[in-house]
Amino acid sequence: MSDDGCVFCDVVRGTAEASTVHEDDDVVAFMDLHPVTPGHLLVVPRTHAAGLEDLDPELGARVWTVGHRLAKALRRSELECDGINLFLADGEAAFQEVFHVHLHVFPRFAGDGFRISAHWRQAPRRELDATAAAVRQALAALPA
Ligand SMILES: [Zn+2]
């Protein structure tokens, strides 16, 4: 997978400006340029992966571990933070905009304006069972 023109690879290399809060051998975490709330962070793997299909699972676990730690830090920070959202968009249909895997970690509080809109409804059990069967079939076909 090419990283040509990838802004997050530029951040990882230090050739793009970023307000970094954490760096290690595997991941970098920095402030989102367009924060949902103050404290909105992005955690990215150092190795370019456009989406979850390309992401090494061990590296994905590192991204999660750092995101989890950052969530704890946000809770303890002086920033307004009564809750946390972890959010990962995989694919254009999921509103992924930068095609280098990134985990959003951002503070939440009453009246912060963040919304997720959906047609919430309780599904009938037979529909849930049929959907579960489709997922189990795909899961069984995945390489180990
Ligand atoms: Zn990249």
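Biologist: What can you tell me about helix 3, residues 125-141?

Modeller: Helix 3 has 17 residues and reaches 24 Å from its first C-alpha to its last, close to the 24 Å expected at 1.5 Å a residue. Bear in mind that this is a predicted model.

Biologist: Is helix 3 tucked away or largely in the open?

Modeller: Helix 3 lies largely in the open, because the number of buried residues among its 17 is zero.

Biologist: OK, let's step back. How many helices and strands does the protein chain have?

Modeller: There are three helices and five strands in the protein chain. Going along the sequence, the pattern reads α-β-β-β-α-β-β-α.

Biologist: And what box do the C-alpha atoms fill?

Modeller: Along the principal axes, the C-alpha atoms of the protein chain fill a box of roughly 50 × 40 × 25 Å. Of the chain's 144 residues, 19% count as buried. As for contacts between residues at least 6 apart in sequence, 58% join residues at least 24 apart.

Biologist: In what order do the strands sit in the sheet?

Modeller: The five strands make an open sheet with the order 1-2-3-5-4, and the pairing is antiparallel. At the edges are strand 1 (20-23) and strand 4 (83-87), each pairing on one side only. On average, neighbouring strands of this sheet are turned by 15 degrees against each other, direction ignored.

Biologist: What holds paired strands together in general?

Modeller: Strands of a sheet pair through backbone hydrogen bonds, and the pairing can be parallel or antiparallel.

Biologist: Good. How many bridges are there between strand 3 and strand 5?

Modeller: Strand 3 (residues 41-45) and strand 5 (residues 103-108) pair over three bridges, in the antiparallel sense. Within that pairing, Val43 stands opposite Leu103 of strand 5.

Biologist: How many bridges for strand 4 and strand 5?

Modeller: Strand 4 and strand 5 have five bridges, again in the antiparallel sense. One example is Ile84, whose bridge partner in strand 5 is Pro107.

Biologist: Where does Gly83 belong?

Modeller: Gly83 is in strand 4. C-alpha to C-alpha, Gly83 and Pro107 are 5.8 Å apart in space, although 24 residues apart in sequence. Gly83 counts as partly exposed because it has 13 C-beta neighbours inside 10 Å.

Biologist: Switching topic: which residue does UniProt list for "active site"?

Modeller: The UniProt record, an unreviewed entry, lists His102. His102 is in the loop between strand 4 and strand 5.

Biologist: Is His102 buried or exposed?

Modeller: His102 is buried, because it has 25 other C-beta atoms within 10 Å and the cut-off for buried is 20 or more.

Biologist: Which residues does His102 contact?

Modeller: Leaving aside neighbours within four places in sequence, His102 is in contact with Phe8, Leu42, Val43 and Val44. Val44, counted in the same way, is in contact with Phe8, Val12, Val27, Val28, His100, Val101 and His102.

Biologist: What about the largest nonpolar core?

Modeller: The largest nonpolar core has 21 residues, and Ala29, Leu41, Val43 and Val44 are those with the most contacts inside it. Helix 1 (7-13), strand 2 (27-31), strand 3, helix 2 (57-76) and strand 5 each supply at least two of the core's residues.

Biologist: Where is Pro45, and what does Pro45 touch?

Modeller: Pro45 is in strand 3. Not counting residues up to four places away in sequence, Pro45 touches Asp26, Val27, Leu55, Leu59, Val63 and Val101.

Biologist: Why does Pro45 count as buried?

Modeller: Pro45 is buried because 23 other C-beta atoms lie within 10 Å.

Biologist: Last one: where does UniProt place the feature "domain: HIT"?

Modeller: The unreviewed UniProt entry places that feature at residues 7-115. This span is 25% helix and 23% strand, and its end C-alpha atoms lie 26 Å apart.

Technical notes
Residues are numbered from 1 along each chain as its sequence is written. This is a predicted model: local features need pLDDT of at least 70, side-chain atom pairs count only at pLDDT 80 or more; totals for chains, interfaces and linings use all residues. Two strands pair if DSSP finds at least two bridges between them. Helices (H or I, at least four residues) and strands (E, at least two) are DSSP runs, numbered from the N terminus. Axes are lines fitted to C-alpha atoms, for helices over the stretch in contact, and angles run from 0 to 180 degrees between N-to-C directions. UniProt positions are given in the numbering used here, feature names are shortened, and annotations may be inferred rather than shown by experiment. A residue is buried if 20 or more other C-beta atoms lie within 10 Å of its own, exposed if 12 or fewer, and partly exposed in between; C-beta atoms are placed from the backbone. Two residues are in contact if their C-beta atoms, placed from the backbone, lie within 7 Å. A nonpolar core is a set of buried Ala, Val, Leu, Ile, Met, Phe, Trp, Tyr and Cys residues joined through C-beta atoms within 7 Å. The expected span of a helix is 1.5 Å times one less than its number of residues.
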